[in-house]
Amino acid sequence: MKIDMHCHTKEGSLDGKVPIEEYIEKLKSEGFGGMLVTDHNSYHGYRHWKKYIKGKRHTDFLVLKGIEYDTFGAGHMLVIMPETIKLRILELRGLPAHLLISIVHACGGIIGPAHPCGEKYLSITNTKSYYKDPRIIRRFDFIEAFNACESEESNASAAKLAEKYGKPCFGEVMPIR
């Protein structure tokens, strides 16, 4: 099954332009079977799906609960927690990466850097935290190796980072047309 693992919705992110139902329809039309809702420091898009859509429409489409967390000094992280775990602290941005990783793992979740080689301050390899301790990459469960908003160079660097540390990749490198 093909799943989009980094989706911002209009209901949950300031930079989300597409309502979740429209997003689902678009993804389905492109052959996707699911999505991970990763709104910025918010579960609002996922909650909207759960309250208004789940079990009523798009029952053939998988919607997973995630979040794109804005750390203190280490950029954005993609966090996926078990459905039954409700941690409001994940909706309050600003934890240091080491603490966030420990909390996520203690609660049975997984975590990895979003667009790790992209923009300064938003991407871990361009932050002071990484320069101080690049071994933090070892603590992640995966690396986002392809992000449609990043350059080809940024994505290639992310894929190399994942390979260097033996981490699974989120995202698929698509041929440029």
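**A chat about the model**

Mentor: Let's start with Asp39, in the loop between strand E2 (34-37) and helix H2 (44-52); helices (H or I, at least four residues) and strands (E, at least two) are DSSP runs, numbered from the N terminus. This is a predicted model, where local features need pLDDT of at least 70 and side-chain atom pairs count only at pLDDT 80 or more, while totals for chains, interfaces and linings use all residues. Residues are numbered from 1 along each chain as its sequence is written, and side-chain values use heavy atoms, with hydrogens and water left out.

Trainee: Is Asp39 buried or exposed?
Mentor: Asp39 is buried, meaning under 20% relative accessible area, where exposed is over 50% and partly exposed is in between (1.4 Å probe, protein chains only).

Trainee: What is Asp39 in contact with, leaving aside neighbours within four places in sequence?
Mentor: Among them are Cys7, His8, Ser13, Tyr46 and Glu68, with contact meaning heavy atoms within 4.5 Å.

Trainee: New topic: which residues of helix H1 are buried?
Mentor: In H1 (residues 20-29), Ile20, Tyr23, Ile24 and Leu27 are buried. Seen down the axis, the buried residues of H1 fall within an arc of 100°, so they line one face of the helix; the arc is that of the directions from the helix axis to the C-beta atoms.

Trainee: What do they pack against?
Mentor: The buried residues of H1 pack against strand E1 (3-7), E2, H2 and strand E3 (62-70).

Trainee: Now the largest nonpolar core: which residues touch the most other members?
Mentor: Of its 24 residues, those are Met77, Val79, Leu100 and Ile137. Such a core is a set of buried Ala, Val, Leu, Ile, Met, Phe, Trp, Tyr and Cys residues joined through side-chain atoms within 4.5 Å.

Trainee: Which elements give two or more residues to this core?
Mentor: They are E3, strand E4 (76-80), helix H3 (97-106) and helix H5 (152-165). H3 gives the most, with 5 residues.

Trainee: Last one: how many disulfides?
Mentor: The count is 0, a disulfide being a pair of cysteine sulfur atoms within 2.5 Å. The sulfur of Cys117 is 11 Å from the closest cysteine sulfur, in Cys169, too far for a bond.

Technical notes:
Lys, Arg positive; Asp, Glu negative; His and termini not counted. Salt bridge = Lys/Arg side-chain N within 4 Å of Asp/Glu carboxyl O.
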